[in-house]
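These are my notebook entries on a single protein chain. I record below what I looked up, entry by entry.

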Amino acid sequence: SSYDGKLQFLLQGMSETVTCSSHYISYSLERELVRLCDQLEITTSTNVDEVITTWDEKFNQTALALVPISHRPLLARWLIWALNIYRLREGLAKYTTVGVIGLVNSGKSTLVKKLFQKETVAGTTQSARTTVPFIYNMDDSVEGLSVIDFPGVDDRNESIK
């Protein structure tokens, strides 16, 4: 497809081994594009027209210098798109939340206590049960991780199928 052709052309200008197809772009390709954009001072807020007008200057040492003028607008938009996707992915990867969900008295709080060494409300009596979600910030052991210990689901509820 034309998409594959564009990616293959871009790959010729990259120094690292990367993998891509019409269905995905490898993380290594994203990192290589980000490295190139950082070197050329292309950011997520860079205007596509600016990339196009400075194309020869910015890409003169890469295979991208050979891109025909008629294809540069599309490729410039694609570069900025890839940079935005990478930045979004990296931003989201900094924060992960794990939810522990299950039946009443199935050991959710005990699991959180054992796995993450957190003091939890655990027990089978009404006063010792988790009745509201507890959010545990795990930054002291794993930066960017939160664990939510949810109250148990009562399997006798007719609405749960």
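**Entry 1: Tyr136**

I began with Tyr136, which is buried, as its relative accessible area is 11% and buried means under 20%. The model I am reading is predicted. I located Tyr136 in strand S2, which covers residues 134-137. I then asked which residues Tyr136 touches, leaving aside those up to four places away in sequence. The list consists of Val112, Lys118, Glu119, Thr120, Val121, Leu145, Ser146, Val147 and Asp149. I also looked up the C-alpha separation of Tyr136 and Phe116, which is 9.2 Å for two residues 20 apart along the chain.

**Entry 2: The chain as a whole**

I next turned to the overall layout. The protein chain holds 6 helices and 3 strands. Read from the N terminus, their order is α-α-α-α-α-β-α-β-β. The chain has 161 residues, and 32% of them count as buried. I noted an accessible surface of about 10500 Å², with 54% of it belonging to carbon and sulfur atoms. For contacts between residues at least 6 apart in sequence, I found that 44% join residues at least 24 apart.

**Entry 3: Confidence**

The mean pLDDT of the chain is 78, and 73% of the residues reach 70 or more. Where is confidence lowest, and where is it highest? It is lowest in helix H1 (residues 2-12), with a mean of 54, and highest in helix H3 (residues 48-53), at 95.

**Entry 4: Helix H5**

I looked up helix H5, which spans residues 72-93 and has 22 residues. From its first C-alpha to its last, H5 reaches 31 Å, close to the 32 Å expected at 1.5 Å a residue. The buried residues of H5 include Arg72, Trp78, Leu79, Leu83 and Tyr86.

**Entry 5: Salt bridges**

How many salt bridges does the count come to? I recorded 3.

I took the pair Glu32 and Arg35 to begin with; their side chains meet at 2.6 Å, N to O. Because Glu32 and Arg35 lie 3 residues apart in helix H2 (residues 27-39), they are separated by about one helical turn. An α-helix has 3.6 residues a turn, so residues three or four places apart point the same way. Glu32 is buried at 1% relative accessibility, whereas Arg35 is partly exposed at 33%.

I then examined Arg87 and Asp38, whose closest N and O atoms are 3.0 Å apart. Arg87 belongs to helix H5 and Asp38 to helix H2, so this pair ties together parts 49 residues apart in sequence. Arg87 counts as partly exposed, at 36% relative accessibility, and Asp38 is also partly exposed, at 45%.

The remaining entry concerns Asp56 and Arg72, which form a salt bridge of 3.1 Å, N to O. The pair links distant parts of the chain, with Asp56 in helix H4 (residues 55-59) and Arg72 in helix H5, 16 residues apart. Is Arg72 buried or exposed? Arg72 is buried, with a relative accessible area of 7%.

**Entry 6: A nonpolar patch**

Finally, I looked at the surface. Ile101, Leu103 and Val153 make a nonpolar patch of about 260 Å². I placed Ile101 in the loop between strand S1 (96-100) and helix H6 (108-116). Ile101 counts as exposed because its relative accessibility is 62%, and exposed means over 50%.

Terms used. Residues numbered from 1 in each chain as written. Predicted model: local features only at pLDDT ≥ 70, side-chain atom pairs only at ≥ 80, totals over all residues. Heavy atoms only, no water. Helix = DSSP H or I, 4+ residues; strand = E, 2+ residues; numbered from the N terminus. Buried < 20%, exposed > 50% of the residue type's maximum accessible area, 1.4 Å probe, protein only. Contact = heavy atoms within 4.5 Å. Areas by Shrake-Rupley, 256 points an atom, 1.4 Å probe, with all protein chains shown as cover. Patch = residues over 30% accessible without salt bridge, like charges linked within 9 Å, V, L, I, M, F, W, Y side chains within 5 Å. Salt bridge = Lys/Arg side-chain N within 4 Å of Asp/Glu carboxyl O. Expected span 1.5 Å × (residues − 1). pLDDT = per-residue confidence, 0-100.
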